[in-house]
Amino acid sequence: MRVVSLHPDVLVATSRVWQTSCTAIRSGDEGFVIDSPLFPDELEVLPAVLEQAGFPVSGLLATHGDWDHVLGRLAFPGAALGVAETTAAYLTGEPGAPQRELRAWDEENYVERPGPLSLGQVQALPVPGRVDVGEHELELHPADGHTADGMALWAPWARVLVCGDYLSPVEIPALSQTGSRDAYLATLERLRPLVAQADWVVPGHGAAIEGDRAAAILDEDVRYLTDWELPLTRRTATQRAVDAENRERAA
Ligand SMILES: [Zn+2]
């Protein structure tokens, strides 16, 4: 797991698998952990890493309900998980889905964990909306299209955008079962003015990228979703398989 500082109040840990991002944001004696790394050793070491860096954890947040983003409670079992209302509705409508998918992935990859995942008390947050952190506020913006649920988080004082599964330097836009091409394009346009102000953008998968690069990726992703033109730097066999699935779903 790689940990980098984007701002005195923002740390990003990147998982060894799928380059999944976990972002810690603090202000004063409050702080949030957004999304999660995947491997048990990464989750185990996370509390110590944040404590050492002086990042308090008052609660967990998740950009969307996909199982690989909601593992925070494995690291912070006492913390409450805040999600967009759309994500809370998904988690209520599909009880146990993240747990089942986590178990299946663990079995496939021979990963052993000390205990099962419990999401505990899931708090539904109105989106668009705001969450207080110390003397600052995190802005919550709707971010659907990859899935039918989700939110992007904008930290104005740090000029950092945590956007969930959008604007990735390593994967093309993925329309999951509940995803939608039109909704994805609308989310990209909603993110555009935030990206323009951002020093850093933290995608759900892949290292944090500077605002300029994120703006270029945004344009590539619009082109991809409009004309199915694969971005030059994201044409691996895995991304081509995602592309084939996207076309099937959009058809
Ligand atoms: Zn993801």
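This is a predicted model: local features need pLDDT of at least 70, side-chain atom pairs count only at pLDDT 80 or more; totals for chains, interfaces and linings use all residues.
The protein contains 7 helices and 13 strands. Its radius of gyration is 17 Å, which agrees with the value near 18 Å that a compact globule of 251 residues would have, and its C-alpha atoms fill a box of roughly 45 × 40 × 30 Å along the principal axes. Of the 251 residues, 53% count as buried, and 62% of the contacts between residues at least 6 apart in sequence join residues that are at least 24 apart. The accessible surface amounts to about 11,300 Å², of which carbon and sulfur atoms contribute 49%.

His69 is placed in the loop between β5 (59-61) and α2 (72-75), whereas His205 is placed in the loop between β12 (200-203) and β13 (209-210), so the two histidines tie together parts of the chain that are 136 residues apart in sequence. Both His69 and His205 are buried.

The loop between β12 and β13 also holds Ala207, which is partly exposed, with a relative accessible area of 28%. Leaving aside neighbours within four places in sequence, Ala207 is in contact with Arg2, Gln19 and Pro169. The C-alpha atoms of Ala207 and Thr20 are 8.5 Å apart in space, although the two residues are separated by 187 residues in sequence.

Gln19, one of the contacts of Ala207, lies in the loop between β2 (10-14) and β3 (21-27) and has a phi near 45 degrees, a positive value in a residue other than glycine. With a relative accessibility of 31%, Gln19 counts as partly exposed, since this value falls between the 20% and 50% limits. A positive phi, of about 60 degrees, is also found in Tyr110, which is likewise not a glycine. Tyr110 is located in the loop between α4 (97-109) and β7 and is exposed, with a relative accessible area of 76%. A further backbone feature is the cis peptide bond that joins Val127 and Pro128, with omega at about 5 degrees; Pro128 is situated in the loop between β7 (122-125) and β8 (129-133). Most residues other than glycine have a negative phi, and most peptide bonds are trans.

Key: Residues are numbered from 1 along each chain as its sequence is written. Side-chain values use heavy atoms; hydrogens and water are left out. Helices (H or I, at least four residues) and strands (E, at least two) are DSSP runs, numbered from the N terminus. The radius of gyration is taken over C-alpha atoms; the globule rule is 2.2 Å times the number of residues to the power 0.38. Buried means under 20% relative accessible area, exposed over 50%, partly exposed in between (1.4 Å probe, protein chains only). Contact means heavy atoms within 4.5 Å. Accessible areas come from the Shrake-Rupley method with a 1.4 Å probe; for residues, only the protein chains shown count as cover.
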